[in-house]
Amino acid sequence: ASQCPADEQIARFTSEVWDIGDRYRLLMALAQRALTRAGVADLLAPVRTAVSELIAEGQADGVFTTDLPAAVLSDALATFTLTLLEAQDSEAWAGDSQPVVTAVLVAAGVSHARAKRLGARTSNIL
């Protein structure tokens with residue numbers, strides 16, 4: 001196990017993904033059009049594996065919900081984050097990383113109060 005709690009690591013990771021996605025949204029849109037879904041999945045396989053392992057660690061520590069297997073929860077959180085990026089692209093919503101981190105952590109089973117604190121902390125770091 002790492003020295004940093006799994007929910008804090010996911011908070012930082014989500015914040016970083018949000019910032020990268022926000023900066024490079026045109027490139028992401030082009031990649032999604034140019035590559036098949038399988039091609040995108042292949043490119044992201046190492047990241048998906050690492051996040052899934054982190055989710056499993058958090059589940060074992062009682063930090064994340066165990067209602068879903070780690071790999072399924074990890075994929076669901078990734079899809080949720082991408083959906084929020086698309087909402088920002090369509091101008092349906094414009095937000096910074098703080099509410100995204102909060103929402104992802106709550107979806108993973110973290111209490112709203114802790115998720116909000118971690119969201120505020122990670123958005124101030126970056």
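In which helix is the place of isoleucine 10? Isoleucine 10 sits in helix H1. The model described here is predicted, and this report starts from the whole chain before it returns to single residues.

**The chain as a whole**

The protein chain contains six helices and zero strands. Its pattern along the sequence is α-α-α-α-α-α. The chain has 126 residues, of which 32% are buried.

**The nonpolar core**

In soluble globular proteins, nonpolar side chains tend to be buried together. How many residues does the largest nonpolar core have here? The largest nonpolar core has 21 residues, and the ones with the most contacts inside it are Ile10, Ile55, Phe64, Leu77 and Leu105. At least two residues of this core come from each of helix H1 (6-23), helix H3 (37-60), helix H4 (70-89), helix H5 (97-108) and helix H6 (112-125).

Isoleucine 10 is one of these core residues. Why does isoleucine 10 count as buried? Its relative accessibility is 3%, and buried means under 20%. Apart from neighbours within four places in sequence, isoleucine 10 is in contact with Val51, Leu54, Ile55, Phe64, Val104 and Leu105. Valine 51 is 41 residues away from isoleucine 10 along the chain, yet their C-alpha atoms are separated by 7.9 Å.

Isoleucine 55 is another residue named in the core. With neighbours within four places in sequence again left aside, isoleucine 55 is in contact with Ile10, Phe64, Ala70, Leu73, Ser74 and Leu77.

Helix H1 has 18 residues. From its first C-alpha to its last, H1 reaches 26 Å, close to the 26 Å expected at 1.5 Å a residue. The buried residues in H1 include Ala6, Asp7, Glu8, Ile10 and Ala11. Thr14, Ser15, Trp18 and Gly21 of H1 are buried too.

Two packed helices are described by the angle between their axes and the distance between the axes. For H1 and H4, the axes come within 11 Å and cross at roughly 35°. On the H1 side, the contact is made by Thr14, Val17, Trp18, Gly21 and Asp22, while Thr81, Leu84, Leu85 and Gln88 make it on the H4 side. The crossing in which H1 passes H4 is right-handed.

Alanine 107 is in helix H5. Which residues does alanine 107 contact, leaving aside its neighbours within four places in sequence? They are Thr65, Leu73, Leu77 and Phe80. Leu77 is also on the contact list of isoleucine 55.

Helix H6 holds lysine 116 and alanine 113. Lysine 116 is in contact with Gln98 and Thr102, leaving aside its neighbours within four places in sequence. Threonine 102 is also the residue that lies eleven residues from alanine 113 in sequence, with 8.8 Å between the two C-alpha atoms.

Lysine 116 is partly exposed, with a relative accessible area of 45%. Alanine 107 is partly exposed, with a relative accessible area of 40%.

| Pair | Apart in sequence | C-alpha to C-alpha |
|---|---|---|
| Isoleucine 10 and valine 51 | 41 residues | 7.9 Å |
| Alanine 107 and threonine 65 | 42 residues | 8.6 Å |
| Alanine 113 and threonine 102 | eleven residues | 8.8 Å |
| Lysine 116 and proline 99 | 17 residues | 7.6 Å |

Methods. Residues numbered from 1 in each chain as written. Predicted model: local features only at pLDDT ≥ 70, side-chain atom pairs only at ≥ 80, totals over all residues. Heavy atoms only, no water. Helix = DSSP H or I, 4+ residues; strand = E, 2+ residues; numbered from the N terminus. Buried < 20%, exposed > 50% of the residue type's maximum accessible area, 1.4 Å probe, protein only. Core = buried A, V, L, I, M, F, W, Y, C linked by side-chain atoms within 4.5 Å. Contact = heavy atoms within 4.5 Å. Expected span 1.5 Å × (residues − 1). Axes fitted to C-alpha atoms, helices over the stretch in contact; angles between N-to-C directions. Left-handed = near helix turned anticlockwise from the far one by under 90°.
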